[in-house]
Amino acid sequence: MNLTRVLPLLAVVDKISQRAYRRVSAAVLRLSGVKLEGVPLWVSSRVYWDLSRPGIISLGDRCVISHGVRLLTHDFSLDRVAERRLGQSDREKSRVAGIKIGRQAFVGMGAMILPGVTIGDGAIIGAGAVVTNDVPADSVAAGNPARILATTDEYWRRRSAEFEWGPRRP
């Protein structure tokens with residue numbers, strides 16, 4: 001199943017009911033080979049999924065994956081170096097490694113998560129971040145390359161007054 005084709009169709013369901021969207025998108029994600037450890041709160045229909053094999057990407061319960069996020073599980077960059085050093089070959093030098101996004105983690109718009117990265121439970125990844133290393137639980141990371149900026153407790157103390165409470169969509 002091609003997630004990039006199916007999830008946009010679910011955007012209509014999302015406008016009607018977030019609960020229904022969660023159920024249907026979870027089923028589609030599972031069928032596509034994404035490992036779910038619970039049910040994500042929201043996953044954008046505009047995520048790039050590098051699903052080179054089933055279960056290589058794992059999503060935790062109530063995590064959020066925003067628009068334009070890219071989840072990369074492969075890297076062929078050293079193949080060019082190998083060819084320059086060793087000559088042309090009928091083999092490729094590559095790395096394939098999974099991605100895990102923890103429970104209640106938030107991945108901001110346009111972030112890129114590279115192969116082998118784990119985003120800890122409750123972590124926040126800033127918009128546009130390029131995450132090259134694991135991000136511990138309850139940490140806030142942003143930038144290119146992403147670095148830890150604060151704990152979520154520190155972020156809450158500094159910034160929560162800037163946010164408004166509102167009803168969660170049904």
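Q: What does Ile119 touch, not counting residues up to four places away in sequence?
A: Ile119 touches Lys100, Ile101, Gly102, Ala105, Ile113, Ile125, Val131 and Val135. A contact here is heavy atoms within 4.5 Å. This is a predicted model, in which local features need pLDDT of at least 70 and side-chain atom pairs count only at pLDDT 80 or more, while totals for chains, interfaces and linings use all residues. Residues are numbered from 1 along each chain as its sequence is written, and side-chain values use heavy atoms, with hydrogens and water left out.

Q: Which residues have the most contacts inside the largest nonpolar core?
A: Leu59, Ile101 and Ile119, in a core of 29 residues. Helix 3, strand 4 and strand 9 each supply at least two residues of this core. Another core, of six residues, lies apart from it, and includes Leu10, Val28, Trp42 and Val64. A nonpolar core is a set of buried Ala, Val, Leu, Ile, Met, Phe, Trp, Tyr and Cys residues joined through side-chain atoms within 4.5 Å. Buried means under 20% relative accessible area, exposed means over 50%, and partly exposed is in between (1.4 Å probe, protein chains only).

Q: In what order do the four strands of the open sheet run?
A: The order is 1-4-9-12, with parallel pairing. Strand 1 and strand 12 (118-119) are the edges, each pairing on one side only. Strands (E, at least two residues) and helices (H or I, at least four) are DSSP runs numbered from the N terminus, and two strands pair if DSSP finds at least two bridges between them.

Q: What does Leu59 stand opposite, and what is the bridge partner of Ile57 in strand 9?
A: Leu59 is opposite Leu36. That belongs to the parallel pairing of strand 4 with strand 1 (residues 35-37), over three bridges. Ile57 has Ile99 as its bridge partner, and strand 4 also pairs with strand 9 (residues 99-101) in the parallel sense, over three bridges.

Q: Change of topic: helix 3. How far apart are its end C-alpha atoms?
A: They are 20 Å apart. This agrees with the 21 Å that the 15 residues of helix 3 (residues 18-32) should span at 1.5 Å a residue; the expected span is 1.5 Å times one less than the number of residues.

Q: What caps its N-terminal end, and what follows helix 3?
A: Ser17 is the cap, with a side-chain oxygen 3.4 Å from the backbone nitrogen of Arg19. Helix 3 is followed by Gly33, whose phi is positive, near 105°.

Q: Which residues of helix 3 are buried?
A: Gln18, Ala20, Tyr21, Arg22, Ser25, Ala26, Val28, Leu29 and Ser32.

Q: Is Asp79 buried or exposed?
A: Asp79 is buried, because its relative accessible area is 12%. Asp79 sits in helix 4 (residues 77-86). Leaving aside neighbours within four places in sequence, Asp79 is in contact with Arg91, Glu92 and Lys93.

Q: And Gly143, where does that lie?
A: In strand 15 (residues 139-143). Gly143 counts as partly exposed because its relative accessibility is 32%. Beyond four places in sequence, Gly143 is in contact with Gly128, Ala129 and Val130. Its C-alpha is 9.3 Å from that of Ala111, 32 residues apart along the chain.

Q: What do strand 15 and strand 16 form?
A: A hairpin, with two residues between the strands. Strand 15 and strand 16 (residues 146-151) pair in the antiparallel sense over five bridges, and Ala141 stands opposite Ile148.

Q: Last one, the whole chain. How many helices and strands?
A: Five helices and 16 strands. The C-alpha trace spans about 60 × 40 × 20 Å along its principal axes, and 41% of the 170 residues count as buried. Of the contacts between residues at least 6 apart in sequence, 31% join residues at least 24 apart.

How values were computed
A polar contact is a pair of N or O atoms within 3.5 Å; within protein, one must be able to donate a hydrogen and the other to accept it, and residues adjacent in sequence count only if both atoms are side-chain atoms.
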